[in-house]
Amino acid sequence: MSAAVRVSGLSGGYARGADALRDVEFAAGPGQILGVLGPNGGGKTTLFRALLGELPVRRGDIALPGRPAYVPQTERARLDFPVSALDVALMGAYARTPWYRRVARADREHAAAALGRVGLADHAGATFGTLSGGQRQRVLIARALVQDAEVLLLDEPLSGVDGVSAARIEAVFAELRAEGRTLLVATHDVRQAAEWDRVLCLHRRQIEYGAPAAVLSPETLRETYGGELIVLPGGARAVGVGHHAH
Amino acid sequence: MDLAAPYIQRALLEMLLLAVPAGVLGSWIVLRRLAFFAHAVGSASFPGLVLASAWGIAPQLAALATALGFGAAQEALTRSRRLAPDAATGLLLVAALAIGIVLASDVIEVGAEVDTLLFGSLIGIAPLDVCLTAAVAAGALVLDAALRRTWLATGFEPGSARALGVKPERADRLLLAGTAVVAVVALDAVGALLVAVVLVVPAATVRLLTARLRTLRLGAVGLAAAEGVAAVWLADALDVGAGPALAVIGGSVFALVAVATALRPQAVPA
């Protein structure tokens, strides 16, 4: 299988002389979902910035099939902006729209269809800021669908969303996987990542990469998360890593 | 108001032309939280106006140089990430006013035209001013057509703008520069200290009424035009500057709309 995303020996950071992230090495193929685990500040968003070409890279290489689509954390979007859900989805077509043209009719249809895919066809005209958190997250995913990228980077798309939104988002993930796209999904939910194809554990450097069954050991999670509370795969056992297991 | 009087015709034409960049760029100024910058970039042209008076050069040219310098300094300070954008604006504004005051009070004997440019004048509007405003109105429309998607995507969520294929840095620099240029052409009519009444107040007023970008832009142009015409009438009737007249009208309309929308039971319609 040829890799869609290949990162080798990557180190880089914004501050001079200090790497925000180092020694990252992985390859993910088409149709794979890769869970990116790590504590806050562990380098998940930094890795995405590197893949988007926005992080000063000091060492290593990144190979990608074109520009990836990026779904930011929903709370980063301004709620007071005068945009509808459809307006936001249409932003996914900006890269292929010349400045002197309106967004093409095909792209408008594409945007409406993308909102339908995330279950928000009835909310196309709703102001973005009036939607619920889960609905806003789905609108941002619809925007990424309109970009029609081979690789999608999603920054904690399932954090704090309602059950309906989470189910719909996971259904879209399954469709995208079936279409042969590669998804990198930053998450705090270890159980969820255990159901995906690959797991990448980051704590300012790469701790481990591989199939979930091989990677998600208590030792790796302890090294990844330090003292943060997490949920182990295979059960509802909450484990305070760094302390004793309950 | 004597509509046959050439100075009234020029003033009306100036206000109508000014409504275009005021509404179009004003909408972005309000949405991108640049209202303080818009006010400051006009007021900061004060030292430029003093020097222009002393050296006998065109005040617009000196104001433009000062305003663009202000915008460039603002951009550099903000980009350094060591200062919040509004703190940078405040710092630069104080510096510009201090330089202007020192120059005007101790160094240079300034003429009455500096007063006129600080507070605006109906009589002072020359045919050249109207031509410049027309050119800037056209330029603002082109700038908006070229960059509004970038401004929208960047303002909505800056972190993902580049991933969408737009170039936020260049577009934001041009928004600051465009704001500076509009502030300079506005100062003939409304005065350097009051450019915000045309660049900020109409768009901020319409913003209270709509959650749609297109309505905001068209509404802001319309309101700026209506308030501008009313300001010419009021200024002529009371023999005051057009800037203060526009400030009274614009402020009153904003207050009325703010109270009316606050009393309205429902939120802003979609």
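**View 1. Where two helices of chain B touch.** On one side, B:Phe70, B:Ala73, B:Gln74, B:Leu77 and B:Thr78 of H4(B) meet B:Pro85, B:Ala88, B:Thr89, B:Leu92 and B:Ala96 of H5(B) (contact: C-beta atoms, placed from the backbone, within 7 Å; helices: DSSP runs of H or I, at least four residues, numbered from the N terminus). Seven of these contact residues are nonpolar, three polar and none charged (nonpolar: Ala, Val, Leu, Ile, Met, Phe, Trp, Tyr, Cys and Pro; charged: Asp, Glu, Lys and Arg; polar: the others, Gly among them). This is a predicted model, where local features need pLDDT of at least 70 and side-chain atom pairs count only at pLDDT 80 or more, while totals for chains, interfaces and linings use all residues. Residues are numbered from 1 along each chain as its sequence is written, and chains are lettered from A and ligands numbered from 1 in the order in which they are written.

**View 2. How the helices H4(B) and H5(B) cross.** The axes of H4 (residues 59-79) and H5 (residues 85-107) of chain B come within 9 Å and cross at roughly 140° (axes: lines fitted to C-alpha atoms, for helices over the stretch in contact; angles: 0 to 180 degrees between N-to-C directions). H4(B) and H5(B) are therefore oblique to each other (under 35 degrees is roughly parallel, over 145 roughly antiparallel, 65 to 115 roughly perpendicular, the rest oblique).

**View 3. Two paired strands in chain A.** Strands S6 (residues 151-155) and S7 (residues 182-187) of chain A run parallel, joined by five bridges (strands: DSSP runs of E, at least two residues; pairing: at least two DSSP bridges). A:Leu154 has A:Val185 in S7(A) as its bridge partner.
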